[in-house]
Amino acid sequence: MAKVLIAYLSREGQTTKIAQRIAERLTQRGHGAELFDIEHGRSTLEPSRFDAVILAAPIYAAGYPRAALAFAKKHRDTLARVPCSFVSVGLAVMSRTHDGKAQTRAVVERFLKQSGLKPRRVELVAGALPYTRYNFFKRWVMRRIAQAEGGDVDTSRDHEYTDWAAVDAFATVFSQDLSPESQSAALSA
Ligand SMILES: Cc1cc2nc3c(=O)[nH]c(=O)nc-3n(C[C@H](O)[C@H](O)[C@H](O)COP(=O)(O)O)c2cc1C
């Protein structure tokens with residue numbers, strides 16, 4: 001059984017849900033999963049206590065919130081020593097009008113370069129459009145963007161795009177990577 005840290009950051013709650021789902025799946029597979037809210041958690045967290053780490057963060061304005069970068073930089077050396085994956089949450093990844101996946105990969109690449117983080121896996125996850133949680137201005141801006149992208153424009157309700165089966169599959173693969181056989185294969189590679 002491995003002790004896995006899931007460090008996440010969320011403004012509107014979707015990355016929290018995704019982090020919780022991954023924790024649930026890892027726990028079902030016999031691992032110990034600890035969730036840590038990067039922005040609001042206790043400041044004494046020590047990632048070196050864990051056997052593996054998942055960092056999950058949402059994209060805002062073509063970048064991740066500063067606290068995600070600060071966390072990745074601060075713990076770069078520790079994260080380099082254990083299996084580490086990065087989960088990127090955003091909406092461009094499911095754009096119908098342009099190659100949002102390529103755009104998202106570019107955002108990820110910039111983050112990895114700036115932070116020095118070298119995750120074994122990067123998972124691109126579609127987030128949500130929680131119109132009812134936005135203030136008037138944000139709702140107006142996000143509706144305009146959604147309209148231009150051929151997305152959902154009904155602002156009377158929230159829209160969730162996360163593919164939960166894909167999130168579960170990510171947790172399964174991450175868990176398999178933690179098996180003693182995978183660990184020794186990684187060490188000898
Ligand atoms: C003001 C604003 C800017 C955003 N910018 C981007 C962006 O540049 N690229 C992207 O893929 N998603 C963008 N999104 C979508 C968010 O990443 C998405 O809603 C995600 O689910 C938010 O995660 P959270 O609920 O954990 O904060 C933006 C959302 C808002 C409200």
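How far does a polar side-chain atom of Ser10 lie from an oxygen atom of the ligand? The distance is 2.6 Å.

This is a predicted model, in which local features need pLDDT of at least 70, side-chain atom pairs count only at pLDDT 80 or more, and totals for chains, interfaces and linings use all residues. Residues are numbered from 1 along each chain as its sequence is written, and side-chain values use heavy atoms, with hydrogens and water left out.

**The ligand**

Around the ligand are 20 residues (a residue is near if one of its heavy atoms lies within 4 Å). Ser10, Thr15, Ile59, Tyr60 and Ala128 come nearest. The table gives polar contacts, meaning pairs of N or O atoms within 3.5 Å.

| Residue | Residue atom | Distance to a ligand oxygen atom |
|---|---|---|
| Ser10 | polar side-chain atom | 2.6 Å |
| Arg11 | polar backbone atom | 2.8 Å |
| Gln14 | backbone N or O atom | 2.8 Å |

Taken alone, the ligand exposes 640 Å² (Shrake-Rupley method, 1.4 Å probe). The protein buries 87% of that.

**The two domains**

The protein chain is divided into domain 1 (3-127 + 162-188) and domain 2 (129-161). These bounds come from an automatic or database domain assignment. The C-alpha centres of the two domains lie 25 Å apart. Domain 1 gives 15 residues to the contact and domain 2 gives 12, where contact means heavy atoms within 4.5 Å.

Interface size is often given as the accessible area lost when the parts come together. Here, domain 1 and domain 2 bury about 990 Å² between them (accessible area lost, 1.4 Å probe, summed over both parts). Carbon and sulfur atoms hold 44% of it. Glu12, Leu91 and Arg96 supply 49% of the area that domain 1 buries against domain 2.

Conventions: Buried area is the accessible area (1.4 Å probe) that two parts lose on being put together, summed over both. A polar contact is a pair of N or O atoms within 3.5 Å; within protein, one must be able to donate a hydrogen and the other to accept it, and residues adjacent in sequence count only if both atoms are side-chain atoms.
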